[in-house]
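Student: I'm new to this one. Could you pick a single part and take me through it closely, in plain words?

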Amino acid sequence: MTRLRRRQVDLAIFVIVLALLAMLSGILEIDAGKVTTSGHYVWQAQAWLDGRFDLGPSPGPWVVDDKITVNGHYYLMYPPFPAMVMLPFVWLLGDGFSDVWFTWGVAALNVVLMFRTLELMRHRRITRRTTLENLVLTAVFGFGTIALWLSLGGKVWFTGQLMSTAGIVLVLHSTICRRWWPAWLGVGLIALTRTTEVVVGVVPALVYLRDLGVGRRTAGRWNFRPTRWPSLREVAATVLPLAVCGGILLARNKLYFGSVTSTGYDIHSANDAVVFPYGLMSWHYVWPNFVIDFLRFPTFRFTGVNDAHPVMSLRAGGMGTSIFFSTPLMLLFLVSSQGKAVDRWMRAVMWTGTVALFVPVIMFQAAGATQVGARYLLPIYPTLFLLLAMRADRIGPRWVTLAGLGVFSNILLAKAFWAGPPSSQFAWTSAAIVLAVCAPTCWLLARENRARPGTGEGEPGPDDGTTAHRDGLPVLAEAAKAP
């Protein structure tokens, strides 16, 4: 596929996702024509245009959400990158700028980046997925996960999470194609958005070290020293993006809070009504976070012992529901083997990245409330979906059934969060639409699978250690010996 053709496909996916999000937001009566009541980034951008760092001596339209008071003025504790991206839009549109449709655009960009990453893995023989299977995985990533309800209504927390997710997918994509400058730039931009998620940098670090020869097994021995040293250009590609982004973050801390080491959370804890008894991160939060992330499901309300019609609450008290309810496709990691991966080492790297991203999530306070899904788990979704793509089993009726359940669950969760409990009519209509999409998808996948009954010619076998790498591309050992 030519570069122009790829860009046309990406644009088509972007427009379709944007249209679907706008349509669902319209059904849920979300007002996309003005800034939300939690449009902190918009007000920060406007403050910069007015020549200020603070938001003024009074809360203004943003009321009291996550405020920081310094010398009688209000500041945002959130890192500045989302506001920096919004700056030209606020400059052009002023009061007409809405963080709602901006968030739709970020969500659509995430879907495009995920599809392009999956296609890159197919092209470089890291997976055996077809383009159709990658489209299915991409659709589930956008509409069958908590990303759906996070994408619909703007608001500072959700916009920031989606922008950080875009940075994570950019890091993964750039690492796989060995473009180190955008990979480390992505890590730096994540630091300027949701700083705890910079741990995704372990993925490019591990891949780059292995490309240098560290951790490779040759002649029956493990090498823990590089077989070559990085060039000055490679060092600059790593150091400069991180230095620039880190410098911006430290300068912001100094200008806002008087110290380069103050992120604002320390001030927030001191002067806000919210009290964190064990600090921002602690092992005390592990068990409650684990319950919400993996064990909590929608609750039911009974009026008495003879109630024949218990009412389900998807909001679950605002504490959220398990990843297995919002994304049933994740059950595949529990109930069946992943099988032999084409690139077992890359799969190990993705699991390492998943664990690294999960550690700050499981130890972070507040669990993400108020929510309908475990929203703090969003940063691990990109690596989990790449791991799903690396599985040896093909996408068939079981996959599509779980994927369809995920889309259905998240439509209901979106309705519950943004517009109140879904009616029976809304639920049945949503189920009918999901079934209408899943049925032809199963047929197309079955037709494609019949056309490739086994590992055909040109499909890679498992990476058993005989695979060589040339310029970051896995190639068969025989091909590597060719002149």
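Tutor: The expected span of a helix is 1.5 Å times one less than its number of residues, where helices are DSSP runs (H or I, at least four residues) numbered from the N terminus. This is a predicted model, with local features needing pLDDT of at least 70 and side-chain atom pairs pLDDT 80 or more, while totals for chains, interfaces and linings use all residues. Residues are numbered from 1 along each chain as its sequence is written, and side-chain values use heavy atoms, without hydrogens or water.

Gly 258, with a positive phi near 85°, follows α10.

Now for our close look: helix α15 (residues 344–363) and helix α16 (residues 381–390) have axes that come within 9 Å and cross at roughly 155°. Those axes are lines fitted to C-alpha atoms over the stretch in contact, with angles from 0 to 180 degrees between N-to-C directions. So α15 is roughly antiparallel to α16 (under 35 degrees is roughly parallel, over 145 roughly antiparallel, 65 to 115 roughly perpendicular, the rest oblique). In contact (heavy atoms within 4.5 Å), α15 residues including Met 346 and Trp 351 meet α16 residues including Leu 384 and Met 390.

Val 361 also lies in α15. At 8% relative accessibility, Val 361 counts as buried (under 20%; exposed is over 50%, partly exposed in between, with a 1.4 Å probe and protein chains only). Leaving out residues up to four places away in sequence, Val 361 touches Asn 289, Asp 293, Tyr 376, Leu 377 and Pro 379.

Terms used:
Helices (H or I, at least four residues) and strands (E, at least two) are DSSP runs, numbered from the N terminus.
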